[in-house]
Amino acid sequence: MVKKLSFFLNQNYGIDLTRYEESFIDKTISKRISSLNLLFDSDYIEHIKNNENEIEELTNSLHVNFSEFFRNQLTFSILESIIIPKLFETKKDNKELRVWSAACASGQEAYSMAISIHEFIQNNSIKQRFRIFASDISDNAIAQAKNGIFTEKEIERVTLKRLSLYFTKEGQKFSINPSLKENIDFSKFDLISDPNFCPPASIYGNFDLIFCCNILFYYTTESKKIIIDKLTRCLDKTGYIIVGDTERDFLKGLGFKEIIEHSCIFTK
Ligand SMILES: C[S@@+](CC[C@H](N)C(=O)[O-])C[C@H]1O[C@@H](n2cnc3c(N)ncnc32)[C@H](O)[C@@H]1O
């Protein structure tokens, strides 16, 4: 069934299921089929033919975009105490610090990093600036990220001090302050299609920090390698790649060095 569906989706909608891990695809499609109360797997293709909006539903299910502010606390504390100070120390000629959040979902990762860097700049009277380029394959996620409005549940990992400095309460929701947003560009970018194409922002120079967290595990080994290869080409020679906790072994297997065990922060 998956083979038939994969062929059908590729031919008619340019959606390539073969880039994803088989078990992830099986689970995702089974969920769609049972939520539609279909009796047989084969009914699913017929359902798509008669209901084109199912393509959007399926695509959304493939792009699980759960995220959190300061998601991996150990990673953020090492970034704040070691990596950000080190990067600013080595930046010469007032060059800006450049960060790429490569699967940014609704923006929590990019905003968290912006807060950490902004705090360091303020506390140390640093003159250099920073720029965060944040991208995702999902249009919905990018629209939400640009909006920068979060529920009380979504900001539960943000300290009260940071909330008061970087957010404005609007009714029951919390909106990121425009002065923080100014440092971030959000745009759509697929990390896999066209393996040789780097994000447009990379023409201004390589990145010092690239976040690629909690996305690799959906993909086949071949697709993971395409992604890491792309990131590596956009990374400064003194830069760092940050991944999710379950993705550390994959980077180690490719010869990357974790700067501190379990930090999820790697150098080439
Ligand atoms: C689980 S979220 C992770 C968000 C954030 N990095 C974090 O760790 O909290 C995974 C994100 O990867 C995005 N994604 C999946 N495949 C992608 C691709 N090929 N290119 C860019 N983004 C992709 C999804 O749309 C989703 O927003």
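**Notebook: cysteines and the ligand site**

I looked for disulfides (pairs of cysteine sulfur atoms within 2.5 Å) and the count came to 0. This is a predicted model, where local features need pLDDT of at least 70, side-chain atom pairs count only at pLDDT 80 or more, and totals for chains, interfaces and linings use all residues. Residues are numbered from 1 along each chain as its sequence is written, and side-chain values use heavy atoms, with hydrogens and water left out.

I checked Cys264 next. Its closest cysteine sulfur is in Cys213, 7.3 Å away, too far for a bond. Cys264 is buried, at 0% relative accessible area. Buried means under 20%, with a 1.4 Å probe and protein chains only. Cys234 is buried as well, at 1%.

Then I turned to the ligand. I found 22 residues around it, and Ser67, Arg71, Asp136, Asn214 and Tyr219 come nearest. Here a residue counts if one of its heavy atoms lies within 4 Å. By class, this shell has 12 nonpolar, 5 polar and 5 charged residues.

I looked up polar contacts, pairs of N or O atoms within 3.5 Å. A polar side-chain atom of Tyr219 lies 2.6 Å from a ligand nitrogen. Asn214 places a polar side-chain atom 2.8 Å from a ligand oxygen. Ala103 uses a backbone N or O atom, 2.8 Å from a ligand nitrogen. I also noted the cover: the protein takes up 99% of the 610 Å² of accessible area that the ligand has on its own, by the Shrake-Rupley method with a 1.4 Å probe.

Note on methods
Buried < 20%, exposed > 50% of the residue type's maximum accessible area, 1.4 Å probe, protein only. Polar contact = N/O pair within 3.5 Å; in protein donor to acceptor, adjacent residues only side chain to side chain. Nonpolar A, V, L, I, M, F, W, Y, C, P; charged D, E, K, R; others polar.
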